[in-house]
Amino acid sequence: MHTQSYVLQFLDIVKIIFVLLKLIMNLSVLKMKKIASNFISYLLLLFITGTQAQSIYGGIEIGDKGVKMYVINVQNTKSGTFEIQNFWTENVETASGMPINGNLAQQDIDTAGSITLKNYKKMLTEYKIENQNIYIAASSRTAMAHNIGDLAKKVKTLTNKDLDIITSSLEAKLLSKGCIPPKNYLNSLVLDIGERNTKGGYINAVNGANIFYPITVDIGTITLTEKIIKRNKQKPSLDYNQASFDYLPTLREEFDTIYSNRPESIKKENIYLSGGALWAFYTLFNEKSAANNFTEIRYEDIVLLKFIIENNFEKIVKISLTNPHVKEVLDTYSQKNLIASNSILLTALEEIPNIKNKKIFFAKQGEIAWLISFIMERSKGSIQVY
C-alpha cells in the first residue's frame, strides 16, 4: 500500500512539472524578460535595504570644552533616516590659550590629538566602523584659533585623516543639510537657536545648482537674557517678564530685517528648528525626550508653553521633582533663560507670514548636523550645495 501511494505521489509531481514546463514554453520572450527583470529588481532591493541597515559612521568633534564622539547608524541617506547608536564626551580644556593670544596651546593640541587617536582606534576596533566612514572635525569655536593648522597637522600625523574645519559660515550651511531631510531641501527653512546667536538658512535651485542662503541673527538664549538685564540694570527691582515684553519690538525688528533681506526664506513650506531652545520647549511641553529625529510641532503649543513659563513656572518646577527629563532642562536653563529662548522662538515664527499654515518640525539632532551633512554629501544620493 505504501509503495503504491509513493508511486501515485510521484506521478502527480511529474504531471505538475509537465504542466509548468508547458506554461513556460508558451511564454513569450518578452514576458520572460519582464519576469527576469522584476526578479533582479527584487534582489537589488533586498541588497540595498540590507546594505543601508549596516551603514555605520563615526564622528569625532574637537570643541573648545572637550572632544565629542558619535556612532551613527544611517538607514537611508535620501530620507535622512538615522539613529545615534552611541555618544560620549571627554571633557578636557582644548582652547585654554585662545583668550590669551588667539592660539591653541601646544599642550592642548597634544591632549586633543591623543584623545582623538584613542577614540579613532576605538571606533575602528570596537564598533568595526570602516576607516572611510569616520570623520574628524574642529568645531566653529576651535576653528577660530590662529594656529588651527597645527591641530590639523597633529590629527593627520596620528590618524592619517584630514581634519574638517567647521567655520561659522560653513556651520550654517551644514546645518541646512544635517537638519533637513534631503527630500525637503528645496522647500524648507532651518533655524538653530543657540546660546549666543540664531543661525540657519535655506537652499534654492539656481541654474542647475543648489545654492545655500545663510541667515544669522546675533542673539541667542543667553545673549538675550544678558541684554534684557543690562537694559534694566538701573532699575531698583527687575520685573523680568515685563522687561522681556518691552524688548519684543527690538527683537521683531531684527528678524523682520533678516527676512526682508532674504525674502525667499518666508516662502518655504517647511520650517525645521533646532538648538537648545527647541530641546527645552519639546521636553517641557511633552515631559519627555523626542523619539524621532524629526517631529512635527504646533505653533499654538509654543504659545501655550511661553504663557506657562511666564505665569505658572511653579508647575514646571513641581513636575521636575519626579521627571528627570524636565529636571535636566531646569538644570540647564533658568526661568529667565527659558523666557528669552521662547521669545526668540515665537518672534522668529511670528514674523513669517501665514505661519499657522506652515509645517514646523523639531530637528533633535542639530548638534551632529555637521556629521550628517558629511555623510549625505559623500553618499551617492546626496545633493551638492554651494
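Visitor: Is Ala112 buried or exposed?
Guide: Buried means under 20% relative accessible area, exposed means over 50%, and partly exposed is in between (1.4 Å probe, protein chains only). Ala112 comes in at 1% relative accessibility, so it counts as buried.

Visitor: And which helix is Ala112 in?
Guide: Quick heads-up: this is a predicted model, so to speak of local features we need pLDDT of at least 70, side-chain atom pairs count only at pLDDT 80 or more, and totals for chains, interfaces and linings use all residues. Residues are numbered from 1 along each chain as its sequence is written, and side-chain values use heavy atoms, with hydrogens and water left out. Helices (H or I, at least four residues) and strands (E, at least two) are DSSP runs, numbered from the N terminus. Ala112 falls within residues 106–125, and that stretch is helix α4.

Visitor: Which residues does Ala112 contact, leaving aside neighbours within four places in sequence?
Guide: Contact here means heavy atoms within 4.5 Å. With those sequence neighbours set aside, Ala112 is in contact with Ile62, Thr94 and Leu151.

Visitor: How much of the chain is buried?
Guide: The chain has 14 helices and eleven strands. Out of its 386 residues, the buried share is 45%.

Visitor: How many aromatic pairs are there?
Guide: Rings of Phe, Tyr and Trp (its six-membered ring) pair up if their centres lie within 6.5 Å; planes under 30 degrees apart are stacked, over 60 edge-to-face, and the rest tilted. Going by that, the number of aromatic pairs in the structure is ten.

Visitor: What kind of pair do Tyr57 and Tyr135 make?
Guide: Their ring centres are 6.5 Å apart and their planes sit at 10°, so the pair is stacked.
Visitor: How far apart in sequence are the parts they tie together?
Guide: Tyr57 is buried at a relative accessible area of 11%, and Tyr135 is buried at 7%. Tyr57 lies in strand β1 (residues 55–62) and Tyr135 in strand β4 (residues 134–138), so the parts tied together are apart in sequence by 78 residues.

Visitor: What angle lies between the planes of Trp279 and Tyr333?
Guide: Trp279 is partly exposed, with a relative accessible area of 24%, while Tyr333 counts as buried at 8%. Their rings form a tilted pair, 6.3 Å centre to centre, and the angle between the planes is 55°.

Visitor: Which residue lies over the face of Trp88?
Guide: A charge sits over a ring if NZ of Lys or CZ of Arg is within 6 Å of the ring centre and within 35 degrees of the ring normal. At 4.5 Å from the ring centre of Trp88, the residue is Lys122.
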